[in-house]
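Please keep the sequence and the structure in view while reading.

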Amino acid sequence: MTGATLRAEFTRLTGEPPALVVRSPGRVNLIGEHTDYNDGFVLPVALDRGTVVAARRRPDGRLRTTALRMGGTDERSLTGLDPREGPDWSRYVAGAAAVLQESGHDVPGADLVVDSDLPIGAGLSSSASLELGVLVALLALTGDALAPETLARLGQRVENEVIGVRSGIMDQLAVACGTAGHALLVDCRTLGTRAVPVPAGTKILVLDSAVPRTLAGSAYNQRRAECEAALEALRAVDPGLSALRDVTPELLAAHGHLLDDVLLRRARHVVTENARVLAGTAALEGGDAAAFGELMAGSHASLRDDYEVSVPQLDTLVEIAVGTPGVLGARLTGAGFGGCAVALATADRAVDAAAEITTRYREATGRPGEATVCVPSDGTGVVWPPAF
Ligand code: GLA
C-alpha cells in the first residue's frame, strides 16, 4: 500500500487525517546467521518491502491500532498497559509502547493504522519491522527521536521480554540502520556498523520457501542455550572467553574434545560463520561477487549440517537457485526452520533467474514459493509529511 492510500484509509477509519507516516523495512541477511547472540558479525540488508504506520495523537490516553493485513483492531489504555495480552500482532505494538514507557518516555494516546507487504513469519523480520515502525511513530508524535542503536535495543526488548524469543540484535539493527544500496556489517559486540556496497552488476534475490516457521521460537531458544553450554565448557581452558565470538578456530581444534558432538557442531558453525562474514565483507568491498557466492554456499552447508536449522524444502530451494544460470550463491536466511533463502545473482540474469527459480521450486515441492529481486533500502523513518 502506498503512503497516499494508507493516509486515505486512516482518514476513513478514524475520521481525521494522520499527522505522520513512518516506513520501516524488513531485512534479509546476506551472511552471518546465529552469530549475533554470540557477539559475532552479521551482514544484513534492509529491504524495499516492509511496514507502514500512519499515526495521530488522540486525547484520551488510549492506543487504538488497526492492522490492515490482519483485519483487526486493538484498543487499550496506556495506563497499566500489559503488552502480553491481546491478539499476537497487537503484542508487538503494545510492547513497543510499553518499553518506551519503561525507559521514561511519554507515550501519547494515539490512533495507528499499520500495513505491511512482508510475508509474516518468513524470516524477513516482519516483527522487527513492526516494532521499529511503531517506536518511531510514537516518538515522532511527541517530536522525539532516538539514535538507531537505541531504537534497535528497545525493539529487541519487545522480542525478549514481551514475545519471549531470546533473539539477538541483528534484525532490529538492520531495520533501524539500513542504507540504500548497501549491506550493513554489524559487530554485534560493539554495535558498530559499516555500510558495505552491494557490488555493481549484482542483485539480491529473496527466495520464499512458503514453509511456515513452526516451533521456530523454542528451537531458536534451544540453539542459544547450546551456544551458552559450549562456551561454558570452553571456559575451562580460557576463563577469559566471554562469548563464542572469542573462540578461535585453533582453540576449537585443540579443545573441541571438551564438547559433545552436538555442542561441537554448534560452536563450529559460529566460529566458521564469523570468519565467513569477514571474508564476505572483504569480497563485496573488493567487488568479488563470485567469492561471496562461495561463502554463501559454505554458510548454508554449515547451517544445515552443524547448526541443524534448515528444512528439506530450503535445501531444495538453495540447490535449485545455485543451479540456475546467473546465480552466484544462495543460502537460507534468518533463523531457519522454514522461511526464506537469499541469493546473489548477476544483474543481467536476476529477473529471469527469479522466475526460473520460482517455477522449478513449485514443480519440485508443490508449494507456492516465490523469488523476487530486492533493492537495499534505508532504515525506519518518517516518510510523510515530506519535510518532517
Ligand atoms: C532471528 C533473530 C536474529 C538472529 C537470526 C539468526 O532472525 O531475530 O537475532 O539470531 O534469527 O541469525
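Asp 246 is partly exposed, with a relative accessible area of 24%; buried means under 20% relative accessible area, exposed over 50%, and partly exposed in between, using a 1.4 Å probe and protein chains only. The model is predicted, so local features need pLDDT of at least 70 and side-chain atom pairs count only at pLDDT 80 or more, while totals for chains, interfaces and linings use all residues. Residues are numbered from 1 along each chain as its sequence is written, and side-chain values use heavy atoms, with hydrogens and water left out.

The side chain of Asp 246 meets that of Arg 189 in a salt bridge, at 2.7 Å from N to O. A salt bridge is a side-chain nitrogen of Lys or Arg within 4 Å of a carboxyl oxygen of Asp or Glu. Asp 246 lies in the loop between helix H6 (216–234) and helix H7 (249–255), and Arg 189 in the loop between E7 and E8, so this pair ties together parts that are 57 residues apart in sequence. Helices (H or I, at least four residues) and strands (E, at least two) are DSSP runs, numbered from the N terminus.

## A second bridge from Arg 189

Arg 189 also forms a salt bridge with Asp 39, where the closest N and O atoms are 3.1 Å apart. This pair links distant parts of the chain, 150 residues apart: Arg 189 sits between strand E7 (182–187) and strand E8 (192–197), whereas Asp 39 sits in the loop between strand E1 (20–29) and strand E2 (41–42). Arg 189 is partly exposed, at 31% relative accessible area, and Asp 39 is partly exposed as well, at 23%.

## Other salt bridges

The structure holds 31 salt bridges. One of them joins Arg 276 to Glu 273, with the closest N and O atoms 2.9 Å apart. Being three residues apart in helix H8 (residues 261–285), the two are separated by about one helical turn. Both Arg 276 and Glu 273 are buried.

A network of salt bridges links Glu 16, Arg 56, Arg 58, Asp 60, Arg 62, Arg 64, Glu 75 and Asp 111.

## Helix H1

Which residues of H1 are buried? Leu 6, Glu 9 and Phe 10 are buried in H1. They cover an arc of only 105 degrees around the axis, which puts them on the same side of H1; the arc is that of the directions from the helix axis to the C-beta atoms. The buried residues of H1 pack against E1, strand E3 (44–57) and strand E6 (110–116), where contact means heavy atoms within 4.5 Å. H1 is followed by Gly 15, whose phi is positive, near 90 degrees.
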